Structures are given as C-alpha cells and as structure tokens.
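Please open the model in a viewer and keep a selection tool at hand.

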Amino acid sequence: MKLSLPLSFMLSSLLITLSSAAEAQCELSPSNLQASYQLTSSDNSPNLSSKNSSHTSQLNLWRQGNTVAHQYPQTDITESWFLLNNKQIKPTRFFDHYQRGIEYQPGEVVHGKSEHDWSYRYQFISDKLISQLTLSAETGKGCERQQVLTQTSTNSKIELVWLPELQLISRFSWTKNQGKHQTHEQWQLTELSHDANKITAFFKQLNHYNMTDYADIGDDHSDEFLTKMVTLGFVEHGASGFYDTEGKAISDGHSH
Amino acid sequence: MNKTWKASYGVLALVISSALNAEVLPSYQTENAWFTDAQSAIDTKLDTNNQFKAKNVIIFVGDGMGVSTLTASRILQGQMAGQPGEEGYLSFETFPHTALVKTYNVDAQTPDSAGTMTAMMSGLKSDAGVLGVDEDIVRGDCSTVTGNEVVTALELAEIKGLSTGVVSTARITHATPAATYAKSADRNWEDISDMPEDAVTGGCKDIAEQLVNFEANLEARFQGVDIDGIEVVMGGGRRHFLPKDATFNSADAVSEIEGDRTDSRDLTAEWQAKYSEGVYVMDQAGFDAIDTENTKQVMGLFNESHMQYEADRDNDVAGEPSIAEMTGKAIDILDNNDNGFFLMVESGRIDHGHHAGSAYNALTDAIALSDAVKEAVAKTDPSETLILVTADHGHVFTIAGYPKRGNPILGKVVAIGETEPTVASDGLPYTTLGYTNGNGFHDLGDETNADAGYGEDVNAGRQDLTNVDTTTSGFHQEALIPMSSETHSGEDITLHAQGPGAQLVQGVVEQSVVFHLIEQSLDLIQE
C-alpha cells in the first residue's frame, strides 16, 4: 500500500479498512514499512545576500526486521544499519549509482559517530530526546494514535507529532532564533507503505550490490570505485539540512 | 671439514681480536657494553651451523611489514615494557641470517600481495593481482589461467608426504594465504559471487572452493599422486564459505546474512564431509577444545571477514585466538607427522593498519607476529626446522625528525635535551611517525580498530596537533598526499632466517628466491 496524501488523511483512510477491534490496537508492524519524508530547511539571516534561504529534499526510511535504511535520492546514497543480537549496530553505506557498498564493523565510528543508539537510526529521533519532550496533546486510536510533543526554550522550539504505535515521526519542526536570525527545519511524512513485496524488493536490490569490507579499501588501488570514494563524500554532506550543524538537535545533541 | 674450518677461523678471530684489544684499544672501549655486545654477536655468528637440510619449514609473512615497521615496532615493544625501546629486538631480528628482498612484480614497480606471495610460494615473479599463475596470465581473464598455473611449495610438501598448514589473521582466501594453494586470474575472486559471469562459465573456480577441494584438485593435476589434504587451515573469511542465506549464519555473525556465496553451497559442510576426522571450529572455545595430538585436520574460520586487529581482539563477538596461539596450535598438530611439515603463517593486518593510516594497529600487530615467531621457536628444534620471517612489501611509512632517545615512538618529536615538542617551520609540532600518502589525520580516541578511519573524510596535510595525544590507539598519523587509503611502497623488505639452510639467506635477492630456500631445505623437487 502506498499513500501520497497528507498523513491525517492517510491514516484515516487506512483505518476505514480496519475492524473496530483493530481500532484499539495497531496491527501494522513498525518493523516492516517504508516512509517518505519531505525535509524543508530555511534560514532567514540578515547576513545572507539572499535573506530567505530555503532548501527542500526527500528522505526515505525503510525498515525490515532488524535492518533499517535511510535512502537519499538526491545523492544516490543509502545508509543502512543492522541490529545484532548482542545489540551492536553494523553500518553499511550503499552507493546506488554504482551498485556498490561498503560494510563497516559493528560498533565502530563512521564519520565521527559510533553507533550505539538504535532508536536514533530506527526512528530518526532517539528515545532519549523524545523522553525530554513534553506531551501536549494526544488523539486517535490504534495506528492513528498520535502524540504532540513539544519543548520550548528561550531561543528555540521543537514540536514533534509522533506515531507511537509505528515508532514514526509524522511531523517534526524545529525553530531557532538568534536575534534577527531564524533557522527553521521541518520534516513531513508524505508517504507510508507496508507493502511487503516492495520492502523486500528494496532490500534484495541492496543485497545484490558488490560489497567491500571497509578493511579492504586499501587493498586494491586499481579499483576505481574505491579510489573515487574520496570525492563521493558522506551522506551528511549531500543530504538535507537534517544533518547540517544546526540539525543535530534531533539526534540527541550529537555533534561531529 | 666445515667444522674444522669454522673452529680454526673462530680461534684465529679471537686471537686477533684479543691481540687488538690488548694492544690497541683502551679498556674503556673494550669494556664498554656496546663493544662487548657487538663482539659477542660476532662470536655467535662464528658458531653458525652448516646444516642445510631441514625436516620442517615455517615461513612467517608480515603483510606490509617493511623495514620502518620493524624499527618502529621494536621501539614500541621496548617502550611498552618500560624501556627506551631502540636497543631491543623483535624475536626474529635475533636470527643469525638476514637478506634484503626486492619485491617488484613483473608488471609493477610497487607490488601487491598476490604477485609477491606467488613469487615466494612458487619461485617465480608474476603480475600484481594474480595468484599461483605466471606472468603470461591476463588479470581477470579466466581463459588465460589454463597452462599458466604454477606449483607451490605447499603443494610440493603435500606431495612429499609432509603435513601442511596455512594460518592467517586475514581472510584465509585473501591474497597471501591464497597464493599457497590457489590458482586465480584475480585475487578478488574469493567466492563465486565475486567472479564475473564469464569466469564462472569459463570454468574458473573461486578461491574458497579451491581451498576446500585442494586435495582433489592437486591429485587431478599430478597423476598417481595421493595426498591427504592440508592439515591446518586457520584464519578469517567465513563469508566466502557460506551460502547467502541467513539460516547458515554462525553465532559469530556480524551481518544480517553472513555468507556471500550465491551458489547455495556450504563449503564448511563440504569440508567436514571430506574430512570426517577433521574438526571445524569458528570461535575461541572451539579452538581451545582442539585435541592436537589426536586431531588429523582442522579448519578454523574465526571471523566473517578478516580476524580482528590484535589490539581489537577483545571486541570479537564469539572470541578468537591470537596469531601466537594459532601458530602454537598449528605446530602441535603438524608435528605429529614424522616426515615433517610445512607451515605458512601470515600476519595479514599489519598491512591493513598501515592502509588505514594507523601506525598503532600496524605496530601492535607486528609485535603480535613477533610473539608468534617466538612461539614457533619455542616449539621446534632449531637443528631440524628452518624458520623464515619476511614481508611481502613495505608501506610509505616513515620515522622522521630528530627525536631524542627513548622519545615515545607514537609521540611528537622532542629533540635531544628538550622536553617540549619541536615545531616545524609552520610553527606546529609533528609526530615521529607519518605517511607519505593516505587518509590522513584522525583523532579517534581509544578506538582500537584502524579501519574506523575509513568512516572519516580524507584529511591529509598538516594539522595542528598541539592539543592532540598522538600516542592513543585511535590516532591516525598525518599524510602528505590525499588518498582514500595509504599505499604500499616499492623499497626492499627483509628476510630473517634460522635453522638448516638459513645460511643461504644473505645479500640482496629477488623475492622468488624464498621458494628456492624452502625447496633446498626440504628437497621438495628432487624427491
């Protein structure tokens, strides 16, 4: 099932098909889904030549069992993480254009971040940060149950519309004011699918990429792809404003 | 005759030495510890044995262990023991015979491990990137393999009835170990999923498959030959032996699907079916439980990919043995054969540490190799076992500046008589160790896996290290030229030897001479 409408409408439509019993509890699995987000960041700075700078991009979230993937269509890069039984997290970076991938060791530092918080990758927002927000409203039942969580300080405001049954962001906005300088970011869920075939096909495609253990990057300097990696950069450089300096708030204060 | 000559020469040398000492040199010179130690070293060399034939041969290969790595490792080893460091030796540096080895491949000035190990195992130089084939091969072209396969020392040892072993801290299908048993137009064909379609349809076999079917393949190539297969196989690389199916995952798996094979074959099961008296193990507990006196064959695959760096070994999911432990266990199994044995042990991750720009990991793995050699020396009789220790190539790894004696080898240069770091002409301090090229500086704190550097952007060039502790395990040295990873170097490496036939290790030699040293000692071809 693929939906391309506003979330409230999506979930309303979804629930029509569910039984009344199911309305009380969500029967959709949070561990098998695909969610698309539109990310908008704006920067209203008096110092910028263009005083209202804004940027929009797309990000897809894929989950299948203990694997979660973040797909960045703009950069043809997908990052995925696999949660091991011992709770270690194994990162993998896929270069979709080249159909190549780099496998990293579980628990190691990748681009300045050692993966220890599964919730951060699974949900885009860590459980720890969610726990720091204040519940201001709650509506709906079953899969449609949503919570509005906020945090307001002198210079910034966070508002999260959260779908607890699906462990999914419906909308996230973050505004920061520094004098006349205002930075704003917004995440909006635009599509949600639980189509098992589609999800399986996505991960199957990744599994067919030519993979390289990151320990082997130095082994073969005749491999043009590995040499080219130098200029491909990391997702953080090519994606939305989410990972930009100010966007780190969503990741539980992590900085790199 | 040799003994008479040796004794006469020894007496003459002592007489001359004593006479010179008594008449010419002042006592403060002749009684100086440096002087007496050096004289003692000469006396030891005069006592060198002249036996040329060995029962056993063990060759250790430190992948990427160039001369600067040896120097820095021995200093680090000493400093970790509370000494200044420079005065010590790695275990094999006390061997009586040493040679310099030219490492180039037939088609490359700076070589790779596949071409260099082919030279050492088969007695001729070949191209970079190919295994167990001569220079007429075209890399990546399966159709050029047939007719260009060469025979290895391990194969000849098997045919002679010796026990054989291959041990590596890298994947057992990686270039260095693979050159002992495989023939491949490309070192990267570690399992069938790594091979192009035309290579598969052309009849070429992946490296893991060749290891498991080594016995049958060798018997097919030599009519009338009946061998019993490689007795000891230990290393990493389980992924190349298992099907791409999560149901085959081991308890040590770190991937959702551990195996890479796309032909649905479980080569670990096939190996166990072939060798019903053999033992397949995949973790420390299994390794510890091996009964070396009664086990005929062992296949130990201790990691999905490469085994951990020595400094990172505690982080293995199911636990894995050290290179010294594997060496000891291998010898204990192989020496059950009264005919003797041939064993190749590779420290595969010295190379990886350097590629990642981490001197710490490279040096600590080199020290672990030194410990493994020490274990081999302790478990064998020097009158019947030739032990060779060498590298396949070097790295662009330098020991620079004018640090004072005992200055931390992983630290910043502090000049003689000084306590603060010396600054370069840019006003910034600099480390003794550095790389000509590579990924460059990273400060990853207490990280013990060098490969974590690949998770960072290239950061070559000068950095301000004023407030950086460069002696931590997670420090990656500066590099001049930006590259995705640091590269091999083209200068000579060393070969160290003790035991029967070691006397022939001298001068500057081509890398292919290594095979001939092994062959000479074991008489592999003559018989």
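Select B:M307 to begin; in this predicted model, B:M307 sits in the loop that runs between β6 (297-301) and α13 (323-334) of chain B. Is B:M307 buried or exposed? It is buried, because 29 other C-beta atoms lie within 10 Å, and a residue counts as buried from 20 or more. Next, display its surroundings: leaving aside residues up to four places away in sequence, B:M307 touches B:T169, B:G235, B:G236, B:F302 and B:E320.

Now move to helix α3 (residues 33-46) of chain B. The number of buried residues in α3(B) is 0, so the helix lies largely in the open.

Select helix α4 (residues 67-80) of chain B next. This helix also has 14 residues, and it reaches 20 Å from its first C-alpha to its last, close to the 20 Å expected. How many of the residues of α4(B) are buried? The number is 10 of 14, and the helix is mostly covered. Among the buried residues are B:L70, B:R74, B:I75 and B:Q79. To see what covers them, display the elements around the helix, which include α14, α15, β9 (394-395), β10 (397-399), β11 (433-438) and β16 (493-498) of chain B. Just after α4(B), select B:G82, which takes a positive phi of about 85 degrees.

Colour chain B by domain for the next stop. Domain 1 comprises 56-395 + 496-522, and domain 2 comprises 414-486. The centres of the two domains of chain B, taken over C-alpha atoms, are separated by 31 Å. Their contact takes 15 residues from domain 1 and 18 residues from domain 2. On the domain 1 side, the elements giving two or more residues are α14 (349-355) and α15 (359-379) of chain B. The largest share of that side, 4 residues, comes from α14(B). By class, the domain 1 side has 6 nonpolar, 8 polar and 1 charged residues.

Finally, show both chains. The contact between them takes 27 residues from chain B and 28 residues from chain A. On the chain B side, these divide into 9 nonpolar, 12 polar and 6 charged residues.

Technical notes: Residues numbered from 1 in each chain as written. Chains lettered and ligands numbered in written order. Predicted model: local features only at pLDDT ≥ 70, side-chain atom pairs only at ≥ 80, totals over all residues. Domains from an automatic or database assignment. Contact = placed C-beta atoms within 7 Å. Nonpolar A, V, L, I, M, F, W, Y, C, P; charged D, E, K, R; others polar. Buried ≥ 20, exposed ≤ 12 C-beta atoms within 10 Å, placed from the backbone. Expected span 1.5 Å × (residues − 1).
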